[in-house]
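This briefing goes through a structure by topic, for use alongside the sequence and coordinates. Please read the points below with both in view.

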Amino acid sequence: MTTFQIEQTPDRPAVSAGPPLKFVLSSVESDSHMWNLVALQLIMEEMGHEVVNLGACVPVGRLLAACHDERPDCLVISTINGHGHVDGARVISALRSDAVLAGLPAVIGGKLGVHGDANSALEAELLALGYDAVFHVGAGDSGQAIESFREFVAANIRTLR
Amino acid sequence: MTAARSVFSAFVAEHRRRRTLVVQPRMGFSEPEAMRRGLRAVAGAGVPAVGTVTLDSYTRTGQHDLAAMSVQSGVPLNGFPLVALGPAVTAGLVADLPGFPVQVRHGSAQPEDIFAVMLEAGLDASEGGPVSYCLPYSSVPLRTAAKAWSRSASLLAGQADRGVDCHLESFGGCMLGQLCPPGLLVALSVLECLFFAEHGVRSVSASYAQQTSPEQDAEALWAMRRLCAEELAGVDHHLVLYTYMGLFPESAAGARELVAESVRLAVRTGTERLIVKTTAEAHRIPTVEENISALQLAHATALAEPAPAGPPGETEVYAQARLLVDEVRSLAPTLTEALPAAFERGLLDVPYCLHPDNGGETRCVLDDEGRLQWWHTGRMPLPPALGGRRGDDRVSATRLLADLSYHRRRLDPVLS
């Protein structure tokens with residue numbers, strides 16, 4: 001229950017491509033994986049951003065309360081236990097129906113289903129529910145998701161702020 | 001009334017007498033028929049194995065309504081929804097496997113309902129602990145978890161009144177799966193076993209998860225055996241090793257080698273039971289067949305390994321663990337109080353653990369020989385002579401990621 005699935009190319013320059021952003025980083029209520037969150041926080045901080053890391057097993061209510069309190073530029077959900085497409089859907093539905101948080105940029109990444117291969121149907125479903133980006137980690141391509149996330153942040157840095 | 005020995009601990013004791021390593025999968029399926037087929041396959045694998053029913057994440061976090069909804073709508077879960085399916089269905093898993101030992105593995109900070117259904121279904125062995133199933137696997141306050149585990153351990157201990165001695169394993173030696181220095185892992189595992197014994201549980205096991213240095217891991221297992229012998233007089237106990245719980249090699253050959261290394265570690269330290277991983281670990285939830293192959297590989301590897309060598313003399317792992325156990329116990333008359341107090345004071349502090357009740361001041365790294373070393377021991381009472389350190393720099397993402405992927409870099413082929 002404690003494996004994690006994030007890698008990056010070592011020695012990649014960790015330079016922010018714009019003004020620092022504030023992220024709330026969290027997992028979903030049923031997911032206890034922590035290393036993905038620890039590593040993502042370090043990577044994002046080294047990109048020059050501020051990270052409020054809520055940790056694992058965060059109930060939807062607490063996640064929304066933290067977003068109200070912290071007013072982040074973007075919410076990042078990282079989950080790898082296979083329930084992410086269900087729990088992640090509950091998170092985004094709650095977020096999009098919250099008057100204050102409806103417009104908060106939100107992304108989700110990790111292993112989203114219990115079957116190993118990337119599943120484009122799950123991805124499309126989560127985008128349709130309101131995520132701004134989905135970074136699905138398939139078997140053997142864990143490094144790709146973090147690269148895509150970096151590109152997403154770099155490309156959207158002005159609109160996120 | 002003298003309680004019958006737990007089916008589970010009796011099986012382990014018998015194989016300890018024969019000096020054979022007991023192997024165990026980490027198996028859990030949401031469909032009862034798949035779970036039943038998995039248990040039958042383990043029982044019939046031709047190796048000394050105990051069965052596992054691993055529960056799903058909704059059941060683990062007490063969301064039984066979500067588990068039930070998923071079952072009804074056919075959405076696959078990542079384990080067996082024991083409470084949602086209930087005692088009759090659970091009992092049906094082992095109805096045609098009389099005497100086959102099965103452990104319920106769950107990951108719950110508040111396992112009363114899980115234990116109640118498990119006992120009603122006739123199963124007598126589980127695992128976890130007030131710290132090891134709270135800090136990494138929940139956002140439940142540690143004091144709440146300690147109270148819930150007090151009630152849960154007492155519930156298991158109380159079964160002796162109806163003639164059943166239950167077995168409870170501490171998951172304390174597996175905190176976050178990797179990058180926790182062995183001295184802290186051993187201390188937590190022993191402290192949780194003492195917590196179980198404090199509540200009257202008479203059969204326990206202490207766990208340790210394979211880390212990155214076979215020599216250091218062997219020292220840790222010997223240290224844990226010695227501490228258990230010193231502290232658990234009169235309590236039936238054994239040791240359990242977990243094949244590496246961290247980032248697993250992606251190649252089948254690399255995964256097989258890491259499993260084999262864990263088997264060799266278990267045998268040469270006289271460890272009684274091994275939780276075995278499969279070659280599918282890096283990718284998805286393994287199939288029944290992959291689990292059986294892994295158990296058979298582990299057993300064959302164990303047979304080829306020479307008998308255990310003797311324990312080492314005084315080691316830093318033992319000294320660290322001994323000190324931590326003593327310091328924690330001195331905080332309060334019971335461990336139900338002492339364990340949360342120890343975390344509040346930073347006397348225990350798990351590196352990289354994000355739980356709100358963990359101090360979060362400690363860090364560790366791998367040295368050039370692959371041994372885990374403290375980088376920062378925060379407020380833990382470890383003097384420099386026992387490996388304590390207060391490093392100024394933060395551990396970089398590059399270093400952390402390199403340390404986390406140590407076995408993968410070592411055992412996966414370099415793709416060109």
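What follows covers one chain's overall make-up, the interface, the salt bridges and some local elements.

The model is predicted. Chain B and chain A bury about 3,500 Å² between them, and a search over all chains of the structure finds 31 salt bridges.

**Chain A**

- Chain A is built from five helices and five strands, and from the N terminus on its elements run β-α-β-α-β-α-β-α-β-α.
- Of the 161 residues in chain A, 61% are buried.
- Taking the contacts in chain A between residues at least 6 apart in sequence, 77% join residues at least 24 apart.

**Interface between chain B and chain A**

- The contact involves 45 residues of chain B and 43 residues of chain A.
- Of the roughly 3,500 Å² buried between the two chains, 60% lies on carbon and sulfur atoms. In chain B, the residues that lose the most area to chain A are Tyr58(B), Leu354(B) and Leu401(B), which together account for 17% of what that side buries.
- Two salt bridges are counted between chain B and chain A. A salt bridge joins the side chains of Glu46(A) and Arg394(B), at 3.9 Å from N to O.
- Twelve residue pairs are in polar contact between chain B and chain A, with both residues at pLDDT 80 or more.
- On the side of chain B that touches chain A, α3 (57-60) and α14 (397-404) of chain B each supply at least two residues. The element that gives the most to this side is α14(B), with five residues.

- Arg226(B) and Glu230(B) form a salt bridge whose closest N and O atoms are 3.0 Å apart. Both residues lie in helix α9 of chain B, four residues apart, or about one turn of the helix.
- Arg226(B) has a relative accessible area of 32% and is therefore partly exposed. Glu230(B) is also partly exposed, because its relative accessible area is 38%.
- Arg226(B) also meets Glu314(B) in a salt bridge between side chains, at 3.1 Å from N to O. Glu314(B) is in the loop between α11 and α12 (316-329) of chain B, while Arg226(B) is in helix α9 of chain B, so this pair ties together parts that are 88 residues apart in sequence.
- Glu314(B) has a relative accessible area of 62%, which means that Glu314(B) counts as exposed.
- A network of salt bridges links Arg226(B), Glu230(B), Glu231(B), Glu314(B), Arg322(B), Asp326(B) and Arg329(B).
- Arg371(B) and Glu219(B) form a salt bridge, with the closest N and O atoms 3.0 Å apart. The pair links distant parts of the chain, as Arg371(B) sits in the loop between β9 and β10 of chain B and Glu219(B) in helix α9 (residues 214-231) of chain B, 152 residues apart.
- Glu219(B) counts as buried because its relative accessibility is 18%, under the 20% cut-off.

**Hairpin β9-β10 of chain B**

- Strands β9 (residues 363-366) and β10 (residues 372-376) of chain B pair in the antiparallel sense over four bridges. Within this pairing, Val365(B) has Gln373(B) in β10(B) as its bridge partner.
- The two strands β9(B) and β10(B) form a hairpin with five residues between them. Gly370(B), in the turn, has a positive phi of about 80 degrees.
- The loop between these strands also holds Arg371(B), the salt-bridge partner of Glu219(B).

**Helix α11 of chain B**

- Helix α11 (residues 288-303) of chain B has 16 residues. From first C-alpha to last, α11(B) reaches 23 Å, close to the 22 Å expected at 1.5 Å a residue.
- The buried residues in α11(B) are Val288(B), Asn291(B), Ile292(B), Ala294(B), Leu295(B), Ala298(B), His299(B), Thr301(B) and Ala302(B).
- These buried residues of α11(B) pack against β1 (22-24), α2 (32-43) and α10 (252-268) of chain B.

**Helix α6 of chain B**

- In helix α6 (residues 112-120) of chain B, the residues Ile114(B), Phe115(B), Val117(B), Met118(B) and Leu119(B) are buried.
- Elements of chain B that cover the buried residues of α6(B) include α3, α5 (82-93), β3 (102-105), β4 (125-128), α7 (142-157) and β5 (167-170).

Technical notes: Residues numbered from 1 in each chain as written. Chains lettered and ligands numbered in written order. Predicted model: local features only at pLDDT ≥ 70, side-chain atom pairs only at ≥ 80, totals over all residues. Heavy atoms only, no water. Pairing = 2+ DSSP bridges. Expected span 1.5 Å × (residues − 1). Buried < 20%, exposed > 50% of the residue type's maximum accessible area, 1.4 Å probe, protein only. Contact = heavy atoms within 4.5 Å. Buried area = accessible area lost by both parts, 1.4 Å probe. Salt bridge = Lys/Arg side-chain N within 4 Å of Asp/Glu carboxyl O. Polar contact = N/O pair within 3.5 Å; in protein donor to acceptor, adjacent residues only side chain to side chain.
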